[in-house]
Amino acid sequence: MKFISWNIDSLNAALTGDSERSGQSRNVLNRIADAQPDFIAIQETKLPATGPSAAHTEALAAFFPGYESAWVSSRPPAKKGYAGTMSLWRKGLEVKADSPAIGAPDTMDSEGRILTLETPGFFFVNVYTPNSGDGLVRLADRQQWDACFTDYLKKLDASRPVIACGDFNAAHEEIDLANPDSNHFSAGFTDEERQGFTNLLAAGFTDSFRLIHGQEAGAYSWWSQRVKTSKLNNAGWRIDYFLVSSRLGPAVKLSAMMDSGDRRDHTPIVLEMEGV
């Protein structure tokens, strides 16, 4: 079974925009479609509370015929057109979708950050973890989120195995970013965020990329849009993950980044498993 996850940074721009970047995003969508995954997780959709428009639905169907979908968007009191997640799965699969509240602080439970698909054999969790923000203004809330999300996955895992993926907004180890020395006080690489990720793994989950690739360095999933040479110089971060319940580790056959061409920002990640 194949799973793909991607932070798209605006579904509307990718589907209906006419900029060069929108064209690059559509190229990525084509690559995802060509890979023929069974499940797709998309983060940072930035859709309104009412969800995808008719034009969005039509465009998605052109990319992914034969798929069903579910979505959750930011809603009051959270900001409009903020965060949001969407998941797609092959028609015929037995799936029940849920967008849970996990007791997170501030407006985080209203930002459309978690979409869980329940199948007979596992839970597929699509997450867009909150960023700690400029000046780390949201770091304390982020720490509470990490604890709440860990508890949520543990509760799911007690019922059946979990495959959790998305933009976790954390580079866990120094080998997960190109320039660790200058980023210890940057959002996504603070000691607090790294410890939160360590705690999540310790709760019974495995980083599938590290399981397959060991301590390989230089493999990243995000490059800054603001720095034109970031991708050219591979000055990136690995902040997108496929985590699996540790008992699913033997089923993992591939965990890797997909090629997104010249497009900076996030690249899709792919997981292949047998026997799930």
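Okay, let's start with a helix: the cover over the buried residues of α3 includes α1 (11–16), α2 (20–35) and β4 (85–90). Contact here means heavy atoms within 4.5 Å, and buried means under 20% relative accessible area, with exposed over 50% and partly exposed in between (1.4 Å probe, protein chains only). Helices (H or I, at least four residues) and strands (E, at least two) are DSSP runs, numbered from the N terminus.

Quick caveat: this is a predicted model, where local features need pLDDT of at least 70, side-chain atom pairs count only at pLDDT 80 or more, and totals for chains, interfaces and linings use all residues. Residues are numbered from 1 along each chain as its sequence is written, and side-chain values use heavy atoms, leaving out hydrogens and water.

So which residues of α3 are buried? In α3, residues 54–63, they're His 56, Ala 59, Leu 60 and Phe 63. Down the axis of α3 they fall within an arc of 100 degrees, so they line one face of the helix; that arc is taken from the directions from the helix axis to the C-beta atoms. Turned away from that buried side, α3 has exposed Ala 54, Glu 58 and Ala 62.

Zooming out, the protein has six helices and 14 strands. Its radius of gyration, over C-alpha atoms, is 17 Å, close to the 19 Å from the globule rule for 276 residues, so it's as compact as a globular protein of that length; the rule is 2.2 Å times the number of residues to the power 0.38. Of those 276 residues, 54% count as buried. And the C-alpha trace spans about 45 × 45 × 40 Å along its principal axes.
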